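Hi,

Here is the structure I promised to send over. Have a look at it first, and then read my notes below.

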Amino acid sequence: MNNRIEEIRKEKSIRQEELAKALGVSRQTISSLETGRYNPSIQLAHKIARYFGLSIEDVFLFEE
């Protein structure tokens, strides 16, 4: 599963540390999400999308 977290975060001028704190995760988790080394739980995916004011589908790209 690919995502647009880094792209969206940079568009909004948000640092990894800021995003991590807002979501209650580590900066390493954000880094791993952005590089595709970690797939989030549905709860975390929802929190990320809600934080950016987007739908999960706008942030995460599901390939069939």
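Predicted model: local features only at pLDDT ≥ 70, side-chain atom pairs only at ≥ 80, totals over all residues.

**What I found, starting at the end of α2**

Residues are numbered from 1 along each chain as its sequence is written, and side-chain values use heavy atoms, with hydrogens and water left out.

**The chain as a whole**

The protein chain has five helices and two strands (DSSP runs numbered from the N terminus: H or I of at least four residues for helices, E of at least two for strands). Reading from the N terminus, the order is β-α-α-α-α-α-β. The radius of gyration, taken over C-alpha atoms, is 11 Å, close to the 11 Å that the globule rule gives for 64 residues, so the chain is as compact as a globular protein of that length. That rule is 2.2 Å times the number of residues to the power 0.38. Along the principal axes, the C-alpha atoms fill a box of roughly 30 × 20 × 20 Å.

Of the 64 residues, 36% count as buried (under 20% relative accessible area; exposed is over 50%, partly exposed in between, with a 1.4 Å probe and protein chains only). Looking at contacts (heavy atoms within 4.5 Å) with a separation of 6 or more, 52% come from residues 24 or more positions apart.

**Back to α2**

Which residues of α2 are buried? In this helix, residues 16-23, they are Q16, L19, A20 and L23. They cover an arc of only 100 degrees around the axis, which puts them on the same side of α2 (the arc is that of the directions from the helix axis to the C-beta atoms). As a reminder, an α-helix has 3.6 residues a turn, so residues three or four places apart point the same way. The cover over the buried residues of α2 includes α1 (5-11), α3 (27-35) and α4 (42-52).

How do α2 and α3 cross, and at roughly what angle? Their axes come within 8 Å and cross at roughly 110 degrees (lines fitted to C-alpha atoms, for helices over the stretch in contact, with angles from 0 to 180 degrees between N-to-C directions). That makes α2 roughly perpendicular to α3 (65 to 115 degrees; under 35 is roughly parallel, over 145 roughly antiparallel, and the rest oblique). On the α2 side, Q16, E17, L19, A20 and L23 meet R27, I30, S31 and E34 of α3. These residues divide into four nonpolar, two polar and three charged (Ala, Val, Leu, Ile, Met, Phe, Trp, Tyr, Cys and Pro are nonpolar, Asp, Glu, Lys and Arg charged, and the others, Gly among them, polar).

- R9 lies in helix α1 and counts as buried at 8% relative accessibility. Leaving out residues up to four places away in sequence, R9 touches I14, R15, Q16, L19, E34 and F52.
- S13 sits in the loop between α1 and α2 and is exposed, with a relative accessible area of 63%. Phi of S13 is near 55 degrees, a positive value in a residue other than glycine.
- F60 is in strand β2 (residues 60-61) and is buried at 3% relative accessibility. The C-alpha atoms of F60 and M1 are separated by 7.1 Å, with the two residues 59 apart along the chain.

Cheers
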